[in-house]
Structures are given as structure tokens and as C-alpha cells.
Amino acid sequence: MQTSFTLEQLRDPDTAVANSILRTCVHCGFCTATCPTFVLLGDELDSPRGRIYLIKDMLEAQRPATEEVVRHVDRCLSCLSCMTTCPSGVNYMHLVDHARTYIENTYRRPLAERWLRAALGIILPRVQLFRLSLFAARLGRPFAGLIPGHGMLSARLRAMLAMTPAKLPSPSSIERPRTYKADGERRGRVTLLTGCAQQVLAPSINEATIRLLNRIGIEVVVADGAGCCGAINYHMGKQATAMAHARANIDAWSAEFERGGIDAVIINASGCGTTVKDYGFMFREEPAPWPDRAANISDRTLDITEFLVRIGFRPTREAPGLTVAYHSACSLQHGQKVTAEPKTLLTQAGFKVVEPIEAHLCCGSAGTYNLLQPEIAQRLRARKLANLRATRPDLIAAGNIGCINQLADADGIPVVHTVELLDWMTGGPRPAALERLRPAA
């Protein structure tokens, strides 16, 4: 694609990257066939190619974002299915992230939307604040359907209340920094990102991860000072806030590297993993030593399934005789290109693994997307659940808390994190979500 940025514009590093990405695109249109919003809405401007044109025009003209640009960029899930499809290697992720920051800096949203986005950016990354907000939201949950109005604000409020869990798990001791010693001879040492929303919604995921790693001889460090990966704010264009979260993680994990050696940074929420693996890019223009420190973190970051395949996984329980429909989170299959490992591990653990049709399409979670674009998110959820149900599974497995929360209550089919199943098959407890199934093997 031809671009016409001036030399002065190209002195800005972010604009220079955007120019390089834009010039890679040959506008072939392959991306449209695998874009969830284009598949649903049929609007060229709600496809990657259409958004690329809008972003190009906005950046070249150096004008404030318009309502049209904002509407269509906001509808992008950042599922990155287009990057998997693209034959030219267009890095749409970096382009749309830059566009969102540009929009945040040049476009004034309606007051209610500004407040909502600010609230999400403040509450979700903070474990205690998020937990308190969910307790408060539970009081209003029964009345979600009574909220009047047909506008976006009313739809968002209804979606937020409807997605509030009826029951919250108790806080886990894993929220506090500490080291979890390996069982028997130590084979390695890793640090685990415990995350933010996941700690509140499903602390069992982190508990299962630590038990499983300890059982196979891996010492696990929950580093003091590490927290939200920054993705929530980064994908809303709030770059400074996102970078502050990332700096805290880099500081915390770098200190562990220096203190006792770390083999890997383990991530069990794939949305976080995609962002942490991109720290090297995010900090490329920061003053020394940040670029090197960030790149070191990114280079050592692995999804839990990647690490288990590398270190060796062996189940100790008999096969449970259950069929698992594997839902591949977009951030894992498209963002990190991790596709075979989860299915390989589940098969090794004794499950019959099946996949739905349209496995490449997003479930509609996408971070805060199901709260900010509830109508599209619900349509994608319904489509994904129909495809999953068609496989006739006993349960659904996924590797991202957002997807698990989005797909919950799937007509009675339990939705479980992959690592909880692997922990169970190596001696851990039966996942609570499977209580409705027949007795454990």
C-alpha cells in the first residue's frame, strides 16, 4: 500500500512503524473472510482492510480522530485472526494499538463513556478494588433486565450486571508474594504472573498452575510488585497507564532474575501472555536499560502449555473418559501462535479432544470488549457456543479467563481452564466446575 507521510512525520517512531506496516499491506482482502466483525456485520469498514484505510487516512492527515473512525476501530476485537490469515505479514496488532492511542489523545468521547472507560481502567487491574466492585454489582444483578433505554450506555450497564458472577470465590493466599518450593528435586525455577481479574474470578487457575508445576519439580515465585500486565489499559489507548503496569512487572521479574535465576515467566491467561511477549516492542524507544530489560522479559515468557510441553508432562491418573471441546483463545492461537500444545497435553492427559468449526473466530470476550460492545459480543458468544455444543462435549477447555467467563453457563456444559484439567490428571483435585459430571475416575 502506498503511503504519503512527510519526513517530519516519519521522525516520530510510532508513525514510522505505522508507515512500515501500512506499506506491507497489499489490500488483498484475505483478512475479511476471517474477521469476526466483518463476518457478522458485512461492512468493509468493520474489516481489517477497511480499518487500515481509515487509520492510514487519519494518521497521514494528522487530524483528530472522527466519530466514524472511532466507531469502526472500537468495534475491532483485536482478536488478530487477520494476522494469522494475512499472506503479507501485516502487523495489524501494532497498527491498531497505535491508532487507539492516537484516538485517546485526539478524540473527546461523550462524558458517560469517558467515565466508564476510566472506571474499567482503574478497577479491573486492582484485585481488591475489583473484588469490592463485584460484591456491589451482585446487589444489582437481579435487576439488570429492568434498566431502561435502548442506547449503548444502557446496554453496557445491563451487560456488566449480567456478567457479574452470582457467587465469588474466596480470596486465595496466592495473591500474596511468596516462593512455592518444588516437590522433591528441583528441575527449574519460574515466576508466575498471577494477573488481576483472574485472581478474583477464578483463583483456582493459579492454584492449579502452582500445584502442577511444583509436582513436576518446578519452583514457582510469585514476585513482589508484579500485577496487571497492562493489556486492559493498553487496548483502550491509555498507553501511559499501561506502561506503568508493565514497568512494575519488569522491575519485579528482573529482580527475581538477579536474585536466584529464573527459567521462564509463566502466563496462564493468554490475553496477558500476548501483551507480556510484546514488552520488548512496547519499550523499544524508552531510555536504557528499559529496552534490554523488557526484551529479556518478552524472550523468557511462555504460556503454561508451552512450558509443560518443553519440560515434560506425564499424567498419573487413569483416563477419565471425557470428551473435551477445546476452545482456542484468540490471544493464544493468533496472538502467540500457540495452537498444538494445549491439545497435545489434553490428549496426553487422557481426554478425547474435539474442536468446533470456525475455531478461528472470537467468542466475543476480548478483554473489555464484551462490556463496551455488548451486542456484537453476545452475537459472537451465541455463535461460538452453538459450534461448541455441536461437538457434543462433556466439557469445554480454554486457556484464557476472559473466554472462560464469556462462555460460562453454556447450557450446563462446564467451562474449565486447561491447566486445571492437567493438574487433576497428575494428582490434583477434581475441578469444581465438573461437579455436575459423573464421579471422578
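A polar contact is a pair of N or O atoms within 3.5 Å, in which, within protein, one atom must be able to donate a hydrogen and the other to accept it. In this predicted model, the side chain of serine 331 makes such a polar contact with the side chain of serine 270, at 2.7 Å.

Serine 331 lies in helix α19, which spans residues 330–335. Its relative accessible area is 17%, and because buried means under 20%, serine 331 counts as buried. When neighbours within four places in sequence are left aside, the residues in contact with serine 331 are Ser270, Gly271, Thr274, Gln336 and Asn400.

Helix α4 (residues 48–61) and helix α7 (residues 92–106) pack at an angle of about 50°, and their axes are 11 Å apart. The angle makes α4 oblique to α7. The two helices cross in a left-handed sense. On the α4 side, the contact is made by Pro48, Arg51, Ile52, Ile55, Met58 and Leu59; α7 contributes Tyr92, Leu95, Val96, His98, Ala99, Tyr102 and Ile103. Classified by residue type, this contact of α4 with α7 comprises eleven nonpolar residues, one polar and one charged.

Note on methods:
Residues are numbered from 1 along each chain as its sequence is written. This is a predicted model: local features need pLDDT of at least 70, side-chain atom pairs count only at pLDDT 80 or more; totals for chains, interfaces and linings use all residues. Side-chain values use heavy atoms; hydrogens and water are left out. Axes are lines fitted to C-alpha atoms, for helices over the stretch in contact, and angles run from 0 to 180 degrees between N-to-C directions. Helices (H or I, at least four residues) and strands (E, at least two) are DSSP runs, numbered from the N terminus. Angles under 35 degrees count as roughly parallel, over 145 as roughly antiparallel, 65 to 115 as roughly perpendicular and the rest as oblique. A crossing is left-handed if the near helix is turned anticlockwise from the far one by less than a right angle, and right-handed if clockwise. Contact means heavy atoms within 4.5 Å. Ala, Val, Leu, Ile, Met, Phe, Trp, Tyr, Cys and Pro count as nonpolar, Asp, Glu, Lys and Arg as charged, and the others, Gly among them, as polar. Buried means under 20% relative accessible area, exposed over 50%, partly exposed in between (1.4 Å probe, protein chains only).
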